[in-house]
Amino acid sequence: METLDWSKLSFTYMKTDFNVRSYYKDGKWSAPEATTSDKVEVHMAATSLHYGQTAFEGLKAFRGKDGKVRIFRMRDNAERMLSSCRGILMAELPIELFEETVLKAVKLNERFVPPYESGASLYIRPVIFGTSEQVGVKPADEYAFIVFVMPVGPYFKEGFKTTSVVIYRGYDRAAPHGTGTYKIGGNYAAGMVAGERAHHEGYSAVLYLDAKEKKYIDECGPANFFGIRNNIYITPQSTSILPSITNKSLMQLALDNGMKVEQRQVPEEELETFEEAGMCGTAAVISPINRVDDVEENKSYVISKDGEPGSISTKLYQQLRAIQYGDAPDTHGWVTIL
Ligand SMILES: *Cc1c(COP(=O)(O)O)cnc(C)c1O
């Protein structure tokens with residue numbers, strides 16, 4: 001077995017030993033089966049290719065000091081994928097099948113779970129998509145569900161750091177009653193032009209406003225938004241935000257720390273009042289924000305005067321990571337030990 005240089009890992013595809021698949025046909029899901037091939041064969045008229053019937057998940061497994069492998073909030077990801085299936089009329093993926101397939105994929109690739117000291121982790125990517133032909137606009141009859149995994153490096157290689165984000169009024173990621181609450185390919189396609197522009201202009205992400213009124217903060221391209229003021233954790237509520245499991249976890253930890261939590265509409269102007277702000281998601285847990293530029297309005301909200309992450313964001317980040325790696329007790333039942 002070759003040895004991997006865990007310190008060199010980034011967030012890029014790497015072939016591991018096996019991926020695990022289940023197929024939906026004649027109204028039934030097949031038992032999950034492992035394969036070494038990382039290719040799939042689908043019909044050229046598959047609904048996933050033409051009409052966007054595809055959804056994915058992203059979760060992680062961590063190796064603790066005790067050598068045990070812990071998967072973080074697997075059931076929540078299973079529930080969210082089921083919701084995505086319902087949202088775009090794909091065959092419903094049972095929670096138990098999701099969990100069984102994820103566990104199998106992690107077990108079969110256990111040698112790719114990075115050691116505790118590396119700060120790296122195993123990224124788990126479940127994906128489901130329509131495979132059968134359908135030229136008229138209708139849901140597919142057949143689906144594939146695949147779980148692959150790959151080791152990924154720590155998000156903050158040079159330590160926990162702030163970045164700037166940008167508001168562009170000319171792009172929307174999701175409509176108020178569209179598909180923003182589902183983790184589906186189409187939402188990512190919708191955000192690519194703005195996302196690339198943001199990167200070219202030196203920002204780490206786009207901060208979207210609500211599509212209808214352009215008044216309230218929605219979320220970042222691939223991450224939820226939160227702000228902190230007066231010991232209150234404030235995060236937007238809207239009908240177009242993807243419910244982040246990291247955000248849900250941070251809200252709980254904030255409550256555990258005696259903070260207040262507000263999930264409500266957050267007007268853009270409130271950015272002026274935040275002592276700290278951040279993006280949150282599985283990839284980074286928290287990515288602290290130092291500045292938000294609203295370019296068309298020629299406005300800039302400076303959140304971190306010294307450019308450093310705030311103390312509460314830092315504490316929440318460390319607390320969540322400690323649970324994931326098994327360094328702190330899992331009091332909310334978030335962790336599945338392999
Ligand atoms: C996946 C995703 C997030 C983050 O969700 P987590 O469950 O915390 O990883 C946030 N926003 C969008 C649009 C996403 O697709």
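This is a predicted model: local features need pLDDT of at least 70, side-chain atom pairs count only at pLDDT 80 or more; totals for chains, interfaces and linings use all residues.
Let's begin at the ligand.

Now for some individual contacts. S244 places a polar side-chain atom 2.6 Å from an oxygen atom of the ligand. T282 also uses its side chain: an N or O atom there is 2.6 Å from a ligand oxygen. With A223 the backbone takes part, as one of its polar backbone atoms is 3.5 Å from a nitrogen atom of the ligand. And how much of the ligand does the protein cover? On its own the ligand has 380 Å² of accessible area, and the protein covers 96% of that.

Next, please find S240, in the loop between β13 (232-236) and α6 (245-256). Is S240 buried or exposed? With a relative accessible area of 4%, S240 is buried. Its side chain joins that of D218 through a polar contact of 2.9 Å.

Let's turn to the surface. Y51, V135 and V137 make up a nonpolar patch there, and together they have about 330 Å² of accessible area. Y51 belongs to helix α1, residues 47-51, and is partly exposed, at 38% relative accessible area.

My last topic is charge. In general, side chains of opposite charge can pair when their charged atoms come close. How many salt bridges does this structure hold? The count is 20.

One of them brings R169 and E297 together, at 4.0 Å from N to O. R169 sits in the loop between β9 (163-167) and α4 (185-190), and E297 in the loop between β16 (285-294) and β17 (299-302), so this pair ties together parts that are 128 residues apart in sequence. R169 is partly exposed at 23% relative accessibility, and E297 is partly exposed at 43%.

Another salt bridge links R197 and E201, at 3.1 Å from N to O. R197 is partly exposed at 28%, as is E201 at 41%.

Then there is R264 with E262, at 2.8 Å from N to O. Both count as partly exposed, R264 at 24% and E262 at 25%. Finally, shared partners join R169, E268, D294 and E297 into one salt-bridge network.

Technical notes:
Residues are numbered from 1 along each chain as its sequence is written. Side-chain values use heavy atoms; hydrogens and water are left out. A polar contact is a pair of N or O atoms within 3.5 Å; within protein, one must be able to donate a hydrogen and the other to accept it, and residues adjacent in sequence count only if both atoms are side-chain atoms. Accessible areas come from the Shrake-Rupley method with a 1.4 Å probe; for residues, only the protein chains shown count as cover. Patches are made of residues with over 30% relative accessible area and no salt bridge: like charges are joined within 9 Å, nonpolar side chains (Val, Leu, Ile, Met, Phe, Trp, Tyr) within 5 Å. A salt bridge is a side-chain nitrogen of Lys or Arg within 4 Å of a carboxyl oxygen of Asp or Glu. Helices (H or I, at least four residues) and strands (E, at least two) are DSSP runs, numbered from the N terminus. Buried means under 20% relative accessible area, exposed over 50%, partly exposed in between (1.4 Å probe, protein chains only).
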